[in-house]
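Here's a walk through a ligand site and a few spots elsewhere in the chain. Have the viewer open as you read.

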Amino acid sequence: MISATQAPSLCKAYEPYFRVGAALSSWLVKDPELVEIVCRHFNSITADNQMKPDSVLNLEGTLAQGDPCHAATDFTRVDALLSFARDHQLSVRYHVLAWHNQTPVWFFKKDWENDREAPFAPKEVILARLENYIRDVMQHVNTCFPGVVYTWDVVNEAIEPDQDGPGLYRTRSPWFTAAGQDFLPAAFRAARRYAAPGQTLCYNDYNAFEPVKRDAILDVLKMLKAENLVDTMGMQGHYLLPHLDIAACETAARAYAALGLKLQVTELDIHCNSDDEAHVAALAEAYRSWFAMIKKLVKEGIPVEAVTFWGVTDADSWLPGFRKEPSYPLLITADRKTKPAFDAVLREAEL
Ligand code: XIL
């Protein structure tokens, strides 16, 4: 194991294939050694939280504006990360415009009431708020930071075929409750209107490799694609070490690409609850074979825009908190050394 500041660059090794990215927190970009690691190994970044609606939407400003269809925004946190990216020549995937999580309750409520029990605003109002929000974010980002963002997560996690009986959509979502399934194409239409040339529009979801969910996603993507609203399928890529089904990932990736879409793996990590020797070796083999699979697809001509890890080192992974147990899911240890998994992924690029 060597320091991640010394190891050969991961993103350089994969330059012929795709961008290699990482999700960053705001505290992370204040640590000079972590910044060095990010700039050495990654050429794309995502904000882990700073670009989500709850980090951008501003209740006080919204109430002061007094417009039922137009929420006020505060881009302080967005701008901090975009300036970091611009100053370090990193490309950004913007995560995320429409999502059921981390969007304030009041955004969906009549008179912007900040109360879970308050009635929802009418559908037309919700769709107008969505359009205005997407326009405000995209115009701000593209005006103040031209050329920095290359792709937008327009909608995240809106498809859930197993929930509450038949149907393709996640019904337990304020978007669905307030506006029904129409919010999806509405979000993409708005994003298409305000995207800069060359930026791709992405639908992003987890467990996108599972056959039932995959087929539901394919059905929805077909509808969006028929209107030329979507460019990229984002497979999040949160996997569990003993259950990583690479063949299922490959089948799903091929099916999305067959619709004429580009692919991204947007939130790659492999949950691994021990760092003993056997687990470390198993993680390395899992990553190696996963990268071999994705590389094979690229060699066949399937366009993969980027593979993004959800974190830089194990110390900043969201998984211990989410899984409520230890996790060692990334390529770099908490003390910033490269793991055998790092070496395996690097070697795979050279084959
Ligand atoms: C996670 C962040 O990493 C955490 O810090 C936050 O508390 C919850 O959200 N799918 C997504 C990401 O699309 O936005 C989530 O990020 C992880 C799951």
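An oxygen atom of the ligand comes 2.9 Å from an N or O atom in the side chain of Trp310. For Gln236, the side-chain N or O atom is 3.4 Å from an oxygen of the ligand. These are polar contacts, meaning pairs of N or O atoms within 3.5 Å; within protein, one must be able to donate a hydrogen and the other to accept it, and residues adjacent in sequence count only if both atoms are side-chain atoms.

Bear in mind that this is a predicted model, where local features need pLDDT of at least 70, side-chain atom pairs count only at pLDDT 80 or more, and totals for chains, interfaces and linings use all residues. Residues are numbered from 1 along each chain as its sequence is written, and side-chain values use heavy atoms, with hydrogens and water left out.

## The shell around the ligand

Which residues surround the ligand? They are Asn49, Lys52, His95, Trp99, Gln102, Asn156, Glu157, Gln236, His238, Glu267, Trp310 and Trp318 (a heavy atom within 4 Å counts as near). Sorted by class, that shell holds three nonpolar, six polar and three charged residues (Ala, Val, Leu, Ile, Met, Phe, Trp, Tyr, Cys and Pro are nonpolar; Asp, Glu, Lys and Arg are charged; the others, Gly among them, are polar).

Two shell residues have backbone features to look at. The peptide bond from His95 to Val96 is cis, with omega near 20°, and Val96 lies in strand S5 (residues 91–98). Gln102 sits in the loop between S5 and helix H6 (123–144), and its phi is near 50°, a positive value in a residue other than glycine. Helices (H or I, at least four residues) and strands (E, at least two) are DSSP runs, numbered from the N terminus.

## Around helix H11

Phe18 and Phe291 have ring centres 6.4 Å apart and planes at 45°, so they make a tilted pair. Rings of Phe, Tyr and Trp (its six-membered ring) pair if their centres lie within 6.5 Å, with planes under 30 degrees apart stacked, over 60 edge-to-face and the rest tilted. Phe18 is in the loop between helix H1 (10–13) and strand S1 (19–24), while Phe291 is in helix H11 (residues 277–299), 273 residues apart.
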